[in-house]
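Dear colleague,

Please look at the model first and then read on.

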Amino acid sequence: AGWWADGQIDDGSFVSGIQWLISNNIIVIPSTEQGAGTEASVIPDWIKNNAGWWSSGQIPDSAFVSGLQWLITNGIMTIS
């Protein structure tokens, strides 16, 4: 999350990594309805800010998870 917030990895790499962590129960997301996104879906800056703050311990896990839930609900990130 910190690398992504600092621009060291791209959005796709961040999303792929988070998807893997969720699929392997390393990060547990409360039940969240998955939305149907479009290819033009863009991750908002506030999500990236949250990731950076979370990686440096400035916000709690729950705030970071809320951002991930938003990505899932809006179809930007899918979990299988």
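**What was found**

N25 counts as exposed, because its relative accessibility is 61%, where exposed stands for over 50% relative accessible area, buried for under 20% and partly exposed for what lies in between (1.4 Å probe, protein chains only). This residue sits in the loop between helix 2 and helix 3, helices being DSSP runs of H or I with at least four residues, numbered from the N terminus. N25 follows helix 2, and its phi is positive, at about 55°, although N25 is not a glycine.

Before going further, please bear in mind that this is a predicted model, in which local features need pLDDT of at least 70 and side-chain atom pairs count only at pLDDT 80 or more, while totals for chains, interfaces and linings use all residues. Residues are numbered from 1 along each chain as its sequence is written, and side-chain values use heavy atoms, with hydrogens and water left out.

Helix 2 covers residues 11-23, and its 13 residues should span 18 Å at 1.5 Å a residue, which agrees with the 18 Å between its end C-alpha atoms; the expected span is taken as 1.5 Å times one less than the number of residues. The buried residues in helix 2 are F14, V15, I18, Q19 and I22. Seen down the helix axis, they fall within an arc of 130°, so they line one face of helix 2, the arc being that of the directions from the helix axis to the C-beta atoms. Among the elements that cover these buried residues are helix 1 (2-5) and helix 4.

F14 touches A1, W4, I9, F64 and L68, once residues up to four places away in sequence are set aside; contact here means heavy atoms within 4.5 Å. F14 also belongs to the largest nonpolar core, which has 16 residues and in which F14, I18, I29, L68 and M77 have the most contacts. Such a core is a set of buried Ala, Val, Leu, Ile, Met, Phe, Trp, Tyr and Cys residues joined through side-chain atoms within 4.5 Å. Helix 2, helix 3 and helix 4 each supply at least two residues of this core, and helix 4 gives the most to it, with five residues.

**Helix 4 and helix 3**

Helix 4 runs over 61-73, and its 13 residues should likewise span 18 Å, in agreement with the 18 Å between its end C-alpha atoms. Its buried residues are F64, V65, G67, L68, Q69, L71 and I72, and what covers them includes helix 2 and helix 3. L71, with a relative accessible area of 0%, is therefore counted as buried, and apart from its neighbours within four places in sequence L71 is in contact with I43, I47, I76 and M77. L71 and T32 are 39 residues apart in sequence, with 10 Å between their C-alpha atoms. After helix 4 comes G75, whose phi is positive, near 75°.

In helix 3, the buried residues are I47, N50, A51 and G52, and they pack against helix 1 and helix 4. Just after helix 3, G57 takes a positive phi of about 80°.

**Polar pairs and exposed residues**

How many salt bridges does the structure hold? There is one, a salt bridge being a side-chain nitrogen of Lys or Arg within 4 Å of a carboxyl oxygen of Asp or Glu. The partners are D11 and K48, whose closest N and O atoms are 3.9 Å apart. This pair links distant parts of the chain, since D11 is in helix 2 and K48 is in helix 3 (residues 45-55), 37 residues apart. D11 counts as partly exposed because its relative accessibility is 32%, and K48 counts as partly exposed because its value is 26%.

Q58 has its place in the loop between helix 3 and helix 4, and at 57% relative accessibility Q58 counts as exposed. The side chain of Q58 makes a polar contact with that of S56, at 2.9 Å; a polar contact is a pair of N or O atoms within 3.5 Å, where within protein one must be able to donate a hydrogen and the other to accept it, and residues adjacent in sequence count only if both atoms are side-chain atoms.

S80 is found in the segment after helix 4, and at 91% relative accessibility S80 counts as exposed.

With best wishes
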